[in-house]
Amino acid sequence: MTKVIKIGIIGGGGIAGSHANAYLAMEGVQIVGVADVVPGKAQQFIDELGIEGALAFEDHKKMLELDIDGVSICTPNAFHHITSIDALRAGKHVLVEKPLAVTLEQGIEMVQVANETGKMLSVGFQPRYDPNMQHVKRIVQSGELGDVYYVEVGGGRRRGMPGGTFISKQLAGVGAMADIGTYSLDLALNALGHPKPLTVSAFTSNYFGTNSKYHPEAEKFEVEDFGVAMIRLEGGIVLNFKISWAMHMDTLGPTIFLGKDGGLKLTTAGSGPWSGVWDGGIGSMSIFHDTDKEQTETIIPLEEHTLNIFDEKVRDFVVAIQEGKPAPIPGEEILVNQAIIDAIFRSSREGREVEVQLPEL
């Protein structure tokens, strides 16, 4: 008889609901506890979702005393670090929402503790489960483009700024870079095979978020809403990364991979002011290359699918627990992403190019 996988959820906000619904849809999975520091919020969450048998806690450490196999970390960004470490040290596998952490030092400690405890630390990057995103990686890794020397990635919402905990330095830590920028970075770095970042020259701003014409909580807005960076990667690759929660423009352009034998051009799926970023699927995909000395554009047909990519990432976490597999999206991989974001803020503060500090683990 297959063992029932017991799950705890830390954080009772909107994203926790998506985790809970994914778990509730799976056979052989039981949510046994929910923790949230806001009095009454965990019980309200349990009641609203009809999670039978789950216990509510205000202290996540009390919840971690239960017999639990895995924990979803759905807190504001600033608490990903401590709650993940507490869960790992309590002997639980962890699925933490993006970003991995707020600082590089926090991310390193999380990975170190996962290695020490032998427990899984997986990070929630659901775009990786989109079949067309997977096709991008296959194309880049196949060598069809030749050696890739330049990548331009990122996305821009014309007007798509969140509020509440997302704009607080104390709770979110960082803004657009962590909220949607991490997806863009992961698209590029995962396709390239996670080359080591070397240096970063960056600029960040929050001209829209702090202006009451554009944001109803302008007086509380403490994080960045725009950023751009030139990132040098090992292997002679340059990554031009740009991200925006708001701007006076319809797009920051397509994502492109330039190789010595071909180029790959991608556009995002979706439409409207909150679209234009790499948090979902692909709208179009083309390869530019020469065929019999003719300059050719080959349109790659997109795979139609009905996958719920968010549910897929939660399912993959559960299957990894059941079958004793490695983390589906291991923290070690996402440390590269975290190191780049860390360097972006240092470069922006200091107004110069900085080295990326990424220790061997």
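This is a predicted model: local features need pLDDT of at least 70, side-chain atom pairs count only at pLDDT 80 or more; totals for chains, interfaces and linings use all residues.
Helix α7 is the element that gives the most to the lining of the largest pocket, with 4 residues. The space in the largest pocket comes to about 860 Å³. Its lining is made up of 42 residues, and C74, T75, P76, N77 and T165 are the ones nearest the centre. Two or more lining residues come from each of α1 (14-24), α4 (80-89), α7 and α8 (309-323). Sorted by class, the lining holds 21 nonpolar, 12 polar and 9 charged residues.

The second largest pocket has a volume of about 240 Å³. Around it stand 21 lining residues, with D250, T251, T268, S275 and G276 the closest to its centre. Strands β7 (148-156) and β12 (263-268) are the elements that give two or more residues to this lining. Here the classes are 5 nonpolar, 13 polar and 3 charged residues.

In soluble globular proteins, nonpolar side chains tend to be buried together. In this model, the largest nonpolar core contains 85 residues, and V136, F257 and L264 have the most contacts inside it. Helix α7 (residues 176-192) supplies the largest share of this core, 11 residues. There is also a second, separate core; it has 26 residues, including M26, V29, I51 and F310.

Strands of a sheet pair through backbone hydrogen bonds, either parallel or antiparallel. An open sheet of 9 strands can be followed in the order β14-β13-β12-β11-β7-β10-β9-β8-β15, and its pairing is mixed. Strands β14 (294-299) and β15 (354-355) stand at the edges with a single partner strand each, so one side of each has no neighbour in the sheet. Further in, β8 (residues 197-205) and β9 (residues 226-233) form an antiparallel pair over 8 bridges. One link to look for in this region joins A202 to its bridge partner A229 in β9.

Setting aside residues up to four places away in sequence, S347 touches V200, S201, A202, R352, E353 and V354.

Apart from neighbours within four places in sequence, G155 is in contact with S184, K242, I243, S244, L252, G276 and V277. Among these contacts, G276 is also one of the residues closest to the centre of the second largest pocket. How far apart are G155 and G253 in sequence and in space? They are separated by 98 residues in sequence, while their C-alpha atoms lie 7.4 Å apart in space.

Conventions
Residues are numbered from 1 along each chain as its sequence is written. Side-chain values use heavy atoms; hydrogens and water are left out. A nonpolar core is a set of buried Ala, Val, Leu, Ile, Met, Phe, Trp, Tyr and Cys residues joined through side-chain atoms within 4.5 Å. Buried means under 20% relative accessible area, exposed over 50%, partly exposed in between (1.4 Å probe, protein chains only). On a 1 Å grid over the protein atoms alone, a cavity is a set of points where a 1.4 Å probe fits but cannot get out, and a pocket is an open set with protein on both sides within 12 Å along at least five of seven lines; lining residues have an atom within 4 Å of a point. Grid points are joined across faces, edges and corners, and a volume is the space filled by probe spheres set on the points. Ala, Val, Leu, Ile, Met, Phe, Trp, Tyr, Cys and Pro count as nonpolar, Asp, Glu, Lys and Arg as charged, and the others, Gly among them, as polar. Two strands pair if DSSP finds at least two bridges between them. Contact means heavy atoms within 4.5 Å.
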